[in-house]
Amino acid sequence: MKFLVFGLGNPGMEYAATRHNIGFMVLDVLRSSLSDAVVFGAGRHALVASGKQAGRTLILAKPQTFMNLSGQAVRYWMQAEKVEADKILVVTDDLSLPYGQIRLRASGSAGGHNGLA
């Protein structure tokens, strides 16, 4: 079974260590925990790596469009890998949550976050 995990952020060194790039940071940690993981390499609209965890293939993608245009990468990789929406996880910042807190949800609105819209 194949899953897509997108970490949203903005490309460029000026954004590297900002809260807005937490999605990229989470994917770096996740990649290091995968068996047979490869280094992030350039793909269409994203830096992409893949590997296995618990018998599942995870495709990790860091869109290289700016946050507000990350849907281009999500759409492309969903179609290219033939993965349905229920097999996708998007990791992003949420300024309405206190720093260090996470929230997982299966559905809902973009909540004003242009990268999710």
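Buried means under 20% relative accessible area, exposed means over 50%, and partly exposed lies in between, using a 1.4 Å probe and protein chains only. The views below show a predicted model, in which local features need pLDDT of at least 70, side-chain atom pairs count only at pLDDT 80 or more, and totals for chains, interfaces and linings use all residues. Residues are numbered from 1 along each chain as its sequence is written, and side-chain values use heavy atoms, with hydrogens and water left out.

**View 1. Asn-10 sits in the loop between β1 and α1.** Helices (H or I, at least four residues) and strands (E, at least two) are DSSP runs, numbered from the N terminus. With a relative accessible area of 8%, Asn-10 is buried. Contact here means heavy atoms within 4.5 Å. Not counting residues up to four places away in sequence, Asn-10 touches Tyr-15, His-20, Asn-21, Phe-24, Phe-66 and Met-67. Ile-88 is 78 residues away along the chain, and its C-alpha atom is separated from that of Asn-10 by 20 Å.

**View 2. Five strands make an open, mixed sheet in the order β2-β3-β4-β1-β5.** Two strands pair if DSSP finds at least two bridges between them. At the edges are β2 (41-43) and β5 (88-91), each pairing on one side only. From one strand to the next, the twist averages 30°. Strands of a sheet pair through backbone hydrogen bonds, either parallel or antiparallel.

**View 3. Strand β4 has bridges to β1 and to β3.** Strands β1 (residues 2-7) and β4 (residues 56-63) run parallel, joined by five bridges. Look for Val-5, whose bridge partner in β4 is Leu-60, and for Lys-2, whose partner there is Thr-57. Strands β3 and β4 run antiparallel, with eight bridges between them. Lys-52 also has Thr-57 as its bridge partner in β4. The hairpin of β3 and β4 has two residues between the strands, and in it Ala-54 takes a positive phi near 50°. As for cover, six of the eight residues of β4 are buried.

**View 4. Helix α1 (residues 22-33) packs on the sheet.** The helix touches β1, β3 (46-53), β4 and β5, and its direction makes about 150° with that of β4. Axes are lines fitted to C-alpha atoms, for helices over the stretch in contact, and angles run from 0 to 180 degrees between N-to-C directions. Which residues of α1 are buried? They are Gly-23, Phe-24 and Leu-27. Seen down the axis of α1, these fall within an arc of 95° (taken from the directions from the helix axis to the C-beta atoms), so they line one face of the helix. Their cover includes β1, β4 and β5. On the other side of α1, Val-29 and Ser-32 are exposed.

**View 5. Helix α2 (residues 71-81) lies across β1, β2, β3, β4 and β5.** This helix runs at about 165° to β1. A nonpolar core is a set of buried Ala, Val, Leu, Ile, Met, Phe, Trp, Tyr and Cys residues joined through side-chain atoms within 4.5 Å. The largest one has twelve residues, including Leu-4, Val-48, Ile-59 and Trp-77. Helix α2 gives the most to this core, with three residues. Leaving aside neighbours within four places in sequence, Trp-77 is in contact with Leu-4, Phe-6, Gly-43, Arg-44, Ala-46, Val-48 and Lys-82.
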